[in-house]
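Please look over the sequence and the model before reading on. The briefing below goes by topic.

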Amino acid sequence: MKFWEDVSKTATDAANYTVKKAGEFTNVAKLRYRLHIAETKLACTYEGIGRLYYSAVMDGDETMEAISDLMADVAEINAEVEDIKAKIEETKNKRVCPKCGAEIAPGSTYCNKCGEKLE
Ligand SMILES: [Zn+2]
């Protein structure tokens with residue numbers, strides 16, 4: 001399944017890029033980015049199921065196993081999406097350093113990690 005390998009590679013590259021740029025993102029922004037990747041993966045997986053189902057109907061039952069595999073992927077990615085959404089809600093109310101993204105204890109004037117002065 002070439003299309004799926006391409007999608008996976010794109011998602012992996014994006015994830016690696018996110019890790020590299022981690023210091024420039026807030027935690028919520030990082031989670032939103034991960035959510036975007038997971039949702040893109042989900043959309044592509046659904047599309048893959050559609051294509052395979054079409055082939056299965058046209059050519060017989062050979063592709064049914066591949067469809068089952070993708071359906072298992074959907075369940076897995078859906079769980080990941082829910083997990084990331086929960087983390088976003090959890091993280092939203094926390095203060096983070098605008099410079100390094102570290103979590104900030106209530107009442108702090110400076111970031112414990114990078115020393116940035118906070119407003
Ligand atoms: Zn900081």
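Which residues of α2 are buried? They are Lys30, Leu31, Arg34, Ile37, Ala38, Lys41, Cys44, Thr45, Gly48 and Leu52. A residue is buried if 20 or more other C-beta atoms lie within 10 Å of its own, exposed if 12 or fewer, and partly exposed in between, with C-beta atoms placed from the backbone. This is a predicted model, in which local features need pLDDT of at least 70, side-chain atom pairs count only at pLDDT 80 or more, and totals for chains, interfaces and linings use all residues. Residues are numbered from 1 along each chain as its sequence is written.

**Overall layout**

- The protein chain has 3 helices and 0 strands. Helices (H or I, at least four residues) and strands (E, at least two) are DSSP runs, numbered from the N terminus.
- Along the sequence, the pattern reads α-α-α.
- The protein chain has 119 residues, and 13% of them are buried.
- Take the contacts in the protein chain with a separation of 6 or more: 47% of them join residues 24 or more positions apart. Two residues are in contact if their C-beta atoms, placed from the backbone, lie within 7 Å.

**Helix α2**

- Helix α2 covers residues 27-59.
- α2 has 33 residues, which should span 48 Å at 1.5 Å a residue. Its end C-alpha atoms are 47 Å apart, which agrees. The expected span of a helix is 1.5 Å times one less than its number of residues.
- Gly60 follows α2 and has a positive phi, near 110°.

**Helix α3**

- Helix α3 covers residues 64-92.
- α3 has 29 residues and reaches 42 Å from its first C-alpha to its last. That is close to the 42 Å expected at 1.5 Å a residue.
- Leu70, Ile77 and Ile84 are buried in α3.
- The buried residues of α3 pack against α2.

**How α2 and α3 meet**

- The axes of α2 and α3 come within 9 Å and cross at roughly 160°. Axes are lines fitted to C-alpha atoms, for helices over the stretch in contact, and angles run from 0 to 180 degrees between N-to-C directions.
- That crossing angle makes α2 roughly antiparallel to α3. Angles under 35 degrees count as roughly parallel, over 145 as roughly antiparallel, 65 to 115 as roughly perpendicular and the rest as oblique.
- α2 passes α3 in a left-handed crossing. A crossing is left-handed if the near helix is turned anticlockwise from the far one by less than a right angle, and right-handed if clockwise.

**The nonpolar core**

- The largest nonpolar core has 5 residues: Leu31, Ile37, Ala38, Ile77 and Ile84. A nonpolar core is a set of buried Ala, Val, Leu, Ile, Met, Phe, Trp, Tyr and Cys residues joined through C-beta atoms within 7 Å.
- The elements that give two or more residues to this core are α2 and α3.
- α2 gives the most, with 3 residues.
- In soluble globular proteins, nonpolar side chains tend to be buried together.

**Leu31 and Thr91**

- Beyond its neighbours within four places in sequence, Leu31 is in contact with Ile84, Lys87, Ile88 and Thr91.
- Thr91 lies in α3. Thr91 is partly exposed because it has 17 C-beta neighbours inside 10 Å.
- Leaving aside neighbours within four places, Thr91 is in contact with Asn27, Val28 and Leu31.
- Thr91 and Leu31 are 60 residues apart along the chain, yet their C-alpha atoms are separated by 8.9 Å.

**Other pairs across the two helices**

- Tyr46 is found in α2. Tyr46 is partly exposed because it has 15 other C-beta atoms within 10 Å.
- Tyr46 and Leu70 are 24 residues apart in sequence and 7.9 Å apart in space, C-alpha to C-alpha.
- Met71 has its place in α3. With 14 other C-beta atoms within 10 Å, Met71 is partly exposed.
- Met71 and Thr45 are 26 residues apart along the chain, and their C-alpha atoms are separated by 8.0 Å.
- Ala72 also lies in α3. Ala72 counts as exposed because it has 11 C-beta neighbours inside 10 Å.
- Ala72 and Thr45 are 27 residues apart along the chain, with 10.0 Å between their C-alpha atoms.
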